[in-house]
Amino acid sequence: MDPSKDNSPKHGPPSGAILPPSLSGARDKYEKARSVSHELQNAFDDLSRKVEPELNPGEERQEPDAKSGFELASLGVELALKKKEEILLERQVIIEERDANLIGPHMATKRLRASDHRYVSAGDELWKQQQKKTRFDDPGVIRLLDPRGGSTSACLLALYKKCDGLEKTKKRPSAFRSDTLTYYAGKGSNFNEESGKVWCHVTGKWWAAYQIKAAHIVPFFLDSDDIGEILFGSRAPSLRRAGNALLLFSQIEKWFNTYHLIIVPVDSTETPITRWKVDIISPNIRNSPYSSDDRGQDLDRKELQFQNNNRPVSRFMYFHFIMALVHIKDVKRQGWQDVWARYYQQRPFPTPGNYLRRSMLLALATHHGTADMEVVASWITDHGFDSPLMLTDEESTEAARRVHAAVNKAIARAETGPKDGSDDEEEDSDEGDSDEGDNEIDMEG
């Protein structure tokens with residue numbers, strides 16, 4: 001952590017302005033946390049220079065003694081936790097400034113996204129320092145390296161490999177779009193990508209192929225046998241298969257990926273789930289067009305139409321539903337409290353669903369701080385499961401951090417489209433899967 005690279009925004013009241021008390025309080029808490037973080041950073045840097053001094057190119061670093069290493073790692077954990085607290089308080093300032101009309105919604109979105117990147121980075125540092133602390137404290141208790149754990153060990157060890165850069169995220173399969181079209185019988189007669197027609201599940205219409213996306217339900221870059229297992233358990237189908245997709249008109253896919261709309265069961269008692277409907281959870285899109293003749297409000301409560309008996313995997317749809325509720329709470333989107341209250345009173349998924357691991361439901365919901373724990377408890381009671389894979393609090397937090405990072409990246413890509421020169425290890429670059437037809441609207445106001 002380099003104190004010279006302080007990219008956090010500086011907040012100062014406009015000249016002569018009378019600030020809302022909530023904003024003044026948020027700024028005060030943020031500045032106090034920044035001051036504590038700065039002091040901890042200085043202490044960490046001073047101790048680091050003693051325990052892990054800089055070396056000349058020809059020198060070999062010696063392993064620090066256990067006591068000094070444990071002390072440095074413990075301070076690193078404290079610093080990372082304080083950094084995370086500071087960033088959460090900064091996010092609250094941004095939201096308060098947006099609600100007070102001191103900054104516009106687009107600027108708020110930009111700054112929230114920047115804070116997300118720093119929050120993920122602080123979480124990464126926390127995970128690394130926790131690893132060091134555990135090794136110095138008692139190397140014999142690191143159960144993640146115990147080969148007797150079987151799939152449990154391999155699943156959790158993957159967190160270490162990914163964190164340390166030992167594994168690269170796999171590319172999205174090149175056949176994902178064509179597999180999805182085949183799975184859902186979504187191709188029109190005499191199909192080709194240039195002039196053929198493709199079915200949209202939400203509109204229930206045939207559209208030009210370039211206008212339809214094979215939309216991921218769970219972002220692809222969560223997949224491989226590690227994060228998928230941690231989230232969904234060993235019974236979860238692969239996230240790379242067509243059951244993790246829907247065929248959506250391009251603008252509808254954008255709204256789906258940015259959690260302005262969700263798709264929930266028509267009948268909360270139906271098992272297996274065969275009928276799905278749209279629920280608009282953001283007022284921003286109701287008057288926004290998705291085609292020349294149609295607006296977002298036309299989609300509300302609209303039932304999806306399928307061309308055959310194949311359906312999306314229910315666990316993946318539940319994950320999208322949960323992440324939508326978490327996201328709108330995190331950015332304090334207009335009306336988020338009403339959405340949470342509605343879905344506490346009206347459980348849309350069959351009970352019990354056993355869709356997500358209990359520890360992960362809790363970690364996902366509280367990633368950006370406190371949540372309505374009564375509502376979260378209802379998710380866990382109704383739709384969570386336990387299994388032989390028992391995660392520590394640190395492991396659950398770290399897995400949740402990576403899930404949120406992947407989801408935030410998917411949101412950013414949906415809002416802005418892929419950038420030239422971006423890392424193509426995580427590109428969703430199917431042939432014929434263009435971004436044409438997107439209508440730009442305010443996505444976070």
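Start by selecting proline 272, which sits in the loop between strand E5 (261-265) and E6. The labels come from DSSP runs, numbered from the N terminus: helices are H or I runs of at least four residues, and strands are E runs of at least two. Show the backbone here and look at the link between threonine 271 and proline 272: this peptide bond is cis, with omega at about -5°. As background, most peptide bonds are trans, and most residues other than glycine have a negative phi.

Before moving on, a word on what you are looking at. This is a predicted model, in which local features need pLDDT of at least 70 and side-chain atom pairs count only at pLDDT 80 or more, while totals for chains, interfaces and linings use all residues. Residues are numbered from 1 along each chain as its sequence is written, and side-chain values use heavy atoms, with hydrogens and water left out.

Now zoom out to the whole chain. Of its 445 residues, 52% count as buried. Buried means under 20% relative accessible area, exposed means over 50%, and partly exposed is in between (1.4 Å probe, protein chains only). Among the chain's contacts with a separation of 6 or more, 77% are between residues 24 or more positions apart.

Follow the chain on to strand E6 (residues 276-280) and select aspartate 279. Is aspartate 279 buried or exposed? It is buried, because its relative accessible area is 1%. Leaving out residues up to four places away in sequence, aspartate 279 touches Leu261, Ile262, Asp300, Arg301, Arg342 and Tyr343.

Next, pick tyrosine 259, in the loop between helix H7 (250-257) and E5. Check its backbone: phi is near 60°, a positive value in a residue other than glycine. Tyrosine 259 counts as buried because its relative accessibility is 3%.

There is another positive phi to visit. Select lysine 332, in the loop between H8 and H9. Its phi is near 50°, again positive in a residue other than glycine. Lysine 332 is partly exposed, since its relative accessible area is 27%.

How many residues of H8 are buried? The count is 17 of the 17, so H8 is largely enclosed by the rest of the structure. H8 reaches 24 Å from its first C-alpha to its last, close to the 24 Å expected at 1.5 Å a residue (the expected span is 1.5 Å times one less than the number of residues).

Helix H8 (residues 314-330) and helix H9 (residues 336-345) pack at about 145°, with axes 9 Å apart. The axes are lines fitted to C-alpha atoms, for helices over the stretch in contact, and angles run from 0 to 180 degrees between N-to-C directions. Show side chains to see who makes the contact: Phe321, Leu325, Val326, Ile328 and Lys329 from H8, with Trp336, Val339, Trp340 and Tyr343 from H9. These divide into eight nonpolar, no polar and one charged. (Ala, Val, Leu, Ile, Met, Phe, Trp, Tyr, Cys and Pro count as nonpolar, Asp, Glu, Lys and Arg as charged, and the others, Gly among them, as polar.)

Jump back to histidine 201, in the loop between strand E1 (197-200) and strand E2 (205-208). Histidine 201 counts as buried because its relative accessibility is 0%. Not counting residues up to four places away in sequence, histidine 201 touches Tyr184, Leu246, Leu247, Leu304, Gln305 and Phe306.

Then select arginine 177 in helix H5 (residues 176-183). With a relative accessible area of 2%, arginine 177 is buried. Look for the backbone oxygen of isoleucine 212, which lies 2.7 Å from a polar atom of the arginine 177 side chain.

For a last stop, go to lysine 50 in helix H1 (residues 21-51). Lysine 50 counts as exposed, because its relative accessibility is 69%. The C-alpha atoms of lysine 50 and leucine 72, 22 residues apart along the chain, are separated by 9.7 Å.

Notes. Contact = heavy atoms within 4.5 Å. Polar contact = N/O pair within 3.5 Å; in protein donor to acceptor, adjacent residues only side chain to side chain.
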